[in-house]
Amino acid sequence: MIKQTIAFLGAGSMAEAMISGMVESGSIPAHQIIVTNRSNQDRLNEIQSKYGVRTVLKNDLNYSEVDQFILAMKPKDIDAVLEDLRYRIDSDQVLVSVLAGISTSYMEDRLNDGQQVIRVMPNTSSMLRESATAVCPGHYTGMDNVMVAKELMKAIGEVFVIDEDKMDVFTGIAGSGPAYFYYLMEHIEETGNAEGMDRETLREIGAQTLLGAAKMMLERDESPSELRQNVTSPNGTTAAGLEALHQSGGGEAISEAIKGAASRSKEMSKELEGMLVGSK
Ligand SMILES: NC(=O)C1=CN([C@@H]2O[C@H](COP(=O)(O)OP(=O)(O)OC[C@H]3O[C@@H](n4cnc5c(N)ncnc54)[C@H](OP(=O)(O)O)[C@@H]3O)[C@@H](O)[C@H]2O)C=CC1
Ligand SMILES: O=C(O)[C@@H]1CCC=N1
């Protein structure tokens with residue numbers, strides 16, 4: 001059981017997915033989770049009534065009672081938040097950021113020397129405790145605090161310790177990844193529906209097919225390529241389907257999606273750095 005007190009700075013959709021998974025897992029008592037935002041009291045009331053956590057507007061937060069702050073605002077708000085936190089927190093407190101595109105050194109450079117930071121990248125499947133989450137500690141973060149952050153992230157799914165230079169591509173694969181599968185499903189539904197099948201049934205069929213394939217990859221000792229070959233009878237339906245996929249650039253499209261997201265992640269902190277030239 002996690003004994004630390006954590007505070008979410010940000011109460012949007014990503015924070016809610018994580019709060020929901022954490023509370024559901026029972027690995028941290030709800031009263032040890034404090035959720036804050038800037039001004040939207042209605043949203044805080046909603047989160048409090050759904051999950052039983054404590055909520056408070058950020059200006060009323062007692063910063064000294066918090067062990068780990070989970071930064072869950074939009075990347076464009078990071079500079080204001082770091083500038084504020086710099087004067088409010090001590091070196092034994094830890095900042096855990098879920099923000100896309102913001103590196104550990106970006107945060108360290110804007111905080112007091114030796115400040116403990118961790119960059120994480122969960123995805124929205126946190127809500128069902130099925131996230132694939134990266135954990136990337138900064139230079140000054142104590143191993144005991146990394147362990148606590150890993151334990152927190154384990155409450156919302158599987159955890160992968162990732163080096164900073166791989167965080168952008170991880171974001172392209174796993175942070176943004178659920179959207180690619182939803183997009184795939186939208187096309188599955190569209191195509192099946194055009195053939196007269198109802199959307200509700202199609203959703204179950206598509207999702208079960210995806211789930212089955214995911215479990216095969218996780219539980220069987222065979223590569224995706226071997227598993228694909230097992231489905232593909234010579235001159236059968238799958239061969240025809242795969243050929244159409246290949247001809248339409250399906251494989252490349254997936255690579256391009258990952259590369260596009262990863263490159264946007266890289267670009268995001270550069271954009272912020274450009275905005276900040278000379279400020280520290
Ligand atoms: N959505 C996803 O799949 C994933 C998102 N992320 C990251 O999660 C982050 C949050 O995204 P999302 O939930 O969609 O964002 P939202 O816009 O839904 O929520 C942002 C929240 O941040 C709050 N906020 C802004 N500034 C402050 C501050 N200074 N102190 C406290 N709270 C503040 C806002 O409060 P108020 O409303 O009062 O202004 C709001 O509650 C992003 O940085 C994104 O990169 C990471 C992984 C996956
Ligand atoms: O789209 C985004 O920027 C965020 C980060 C990963 C998923 N959603």
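Author: Ala, Val, Leu, Ile, Met, Phe, Trp, Tyr, Cys and Pro count as nonpolar, Asp, Glu, Lys and Arg as charged, and the others, Gly among them, as polar. The model is predicted: local features need pLDDT of at least 70, side-chain atom pairs count only at pLDDT 80 or more, and totals for chains, interfaces and linings use all residues. Residues are numbered from 1 along each chain as its sequence is written, while chains are lettered from A and ligands numbered from 1 in the order in which they are written.

Reader: How do the residues of the shell around ligand 2 divide?
Author: A residue is near a molecule if its C-beta atom, placed from the backbone, lies within 6 Å of it. Ala100, Thr171, Gly175 and Ser176 surround ligand 2. They divide into one nonpolar, three polar and no charged.

Reader: Which residues come nearest to ligand 1?
Author: The shell has 28 residues. They divide into 14 nonpolar, ten polar and four charged. Nearest come Gly10, Gly12, Asn37, Met73 and Ala100.

Reader: Which element gives the most to the shell around ligand 1?
Author: Helices (H or I, at least four residues) and strands (E, at least two) are DSSP runs, numbered from the N terminus. At least two shell residues come from each of strand E2 (33-37), helix H3 (78-88) and helix H1 (13-25). The most, three residues, come from H1.

Reader: How many helices and strands does the protein have?
Author: The C-alpha atoms fill a box of roughly 65 × 45 × 35 Å, taken along the principal axes. The secondary structure within the protein comes to eleven helices and eight strands.

Reader: Why is H7 called oblique to H8?
Author: Axes are lines fitted to C-alpha atoms, for helices over the stretch in contact, and angles run from 0 to 180 degrees between N-to-C directions. H7 (residues 177-194) and H8 (residues 199-219) have axes 9 Å apart and pack at an angle of about 135 degrees. That angle makes H7 oblique to H8. Under 35 degrees counts as roughly parallel, over 145 as roughly antiparallel, 65 to 115 as roughly perpendicular and the rest as oblique.

Reader: Which residues of H8 make the contact with H7?
Author: Two residues are in contact if their C-beta atoms, placed from the backbone, lie within 7 Å. H7 brings Phe181, Met185, Ile188, Glu189, Gly192 and Asn193. The residues of this contact divide into five nonpolar, three polar and three charged. From H8 come Arg199, Leu202, Arg203, Gly206 and Leu210.

Reader: Is Val135 buried or exposed?
Author: A residue is buried if 20 or more other C-beta atoms lie within 10 Å of its own, exposed if 12 or fewer, and partly exposed in between; C-beta atoms are placed from the backbone. Val135 is found in strand E7. Val135 has 20 other C-beta atoms within 10 Å, so it is buried.

Reader: What is phi of Asn235 near?
Author: Most residues other than glycine have a negative phi. Asn235 lies in the loop between helix H9 (224-231) and helix H10 (237-247). Asn235 is exposed, with 7 other C-beta atoms within 10 Å. Its phi is positive, near 60 degrees.

Reader: Where is Arg129 placed?
Author: Phi of Arg129 is also a positive value, near 60 degrees. Arg129 is partly exposed, with 18 other C-beta atoms within 10 Å. Its place is the loop between strand E6 (116-121) and strand E7 (131-137).
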